[in-house]
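Welcome, and thank you for taking a look at this structure. Please keep the sequence and the 3D view side by side as you read.

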Amino acid sequence: MPFCPRQQRAWYSGKKKRHTLKTQVVINVGHMIMCVATAFGSMHDLTLFRHSGVRVHRETALIGDAEYQGIWHDHGHSITPHKDSKANPLTSEERQENRVLASTRLRVEHVIRQLKIFRVLKDVYRHRRRRFSLRVNLQQCC
């Protein structure tokens, strides 16, 4: 890791090899952004969910991608895709469940695509970090 002052070290993502902001977007079925949480780039997605303070009714189903494995410890009605490995390949039933889940998540991916077209999530963000969540929410209004 290249030298970073203490204040910047938390924002450095070893995966991306640069200083990054991690963004979590909670979207409902109606294509509306419900909540945006940001954190430093090195934070894991599930840790960001736990620290963001997002309150979801316990009867509401949460659908997450593969990074949210283990979210069911925090929220009982959560669904994540099955993972494949060399030791444990997916069965045809698990593969079919992943396809159904992917088709359900397609609407969420379209909203994320709109954010990237707006270039809020795609380009280098050169403004104050405190205002980043506000700008992501403003994109939905426009």
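A contact here means heavy atoms within 4.5 Å. This is a predicted model, in which local features need pLDDT of at least 70 and side-chain atom pairs count only at pLDDT 80 or more, while totals for chains, interfaces and linings use all residues. Residues are numbered from 1 along each chain as its sequence is written, and side-chain values use heavy atoms, with hydrogens and water left out.

## The chain as a whole

Let us begin with the overall layout. The protein chain has 4 helices and 6 strands; helices (H or I, at least four residues) and strands (E, at least two) are DSSP runs, numbered from the N terminus. Read from the N terminus on, the order of the elements is α-β-β-β-β-α-β-β-α-α. Among contacts between residues at least 6 apart in sequence, 33% join residues at least 24 apart.

Of the 142 residues, 27% count as buried. Buried means under 20% relative accessible area, exposed means over 50%, and partly exposed lies in between (1.4 Å probe, protein chains only). The accessible surface comes to about 10,700 Å², and 52% of it belongs to carbon and sulfur atoms; such areas come from the Shrake-Rupley method with a 1.4 Å probe, and for residues only the protein chains shown count as cover.

## Helix α2 and its cover

In α2, the residues D45, L46, L48 and F49 are buried. Seen down the axis of α2, these buried residues fall within an arc of 160 degrees, so they line one face of the helix. The arc is that of the directions from the helix axis to the C-beta atoms. Their cover includes β3 (21-27), β4 (33-40) and β5. Just after α2, G53 takes a positive phi of about 80 degrees.

Q24 counts as buried because its relative accessibility is 4%. Leaving aside residues up to four places away in sequence, Q24 touches several residues, among them D45, L48 and F49. A polar atom of the Q24 side chain lies 3.2 Å from the backbone nitrogen of F49.

## Salt bridges

How many salt bridges are there by this rule? The count comes to 3, where a salt bridge is a side-chain nitrogen of Lys or Arg within 4 Å of a carboxyl oxygen of Asp or Glu. Side chains of opposite charge can pair when their charged atoms come close.

One of the salt bridges joins the side chains of R50 and D74 (2.5 Å, N to O). This pair links distant parts of the chain, with R50 in helix α2 (residues 45-52) and D74 in the loop between β5 (62-63) and β6 (78-79), 24 residues apart. R50 is partly exposed, at 44% relative accessible area, and D74 is partly exposed at 43%. Another salt bridge joins R58 and E59 (3.8 Å, N to O), and both of these residues are exposed.

## Helix α3

The side chains of E109 and R105 also meet in a salt bridge (2.2 Å, N to O). Both residues lie in helix α3, 4 residues apart, about one turn of the helix. E109 is partly exposed, with a relative accessible area of 35%, whereas R105 counts as buried at 15%.

Not counting residues up to four places away in sequence, N98 touches P81, H82 and L90.

How values were computed:
Polar contact = N/O pair within 3.5 Å; in protein donor to acceptor, adjacent residues only side chain to side chain.
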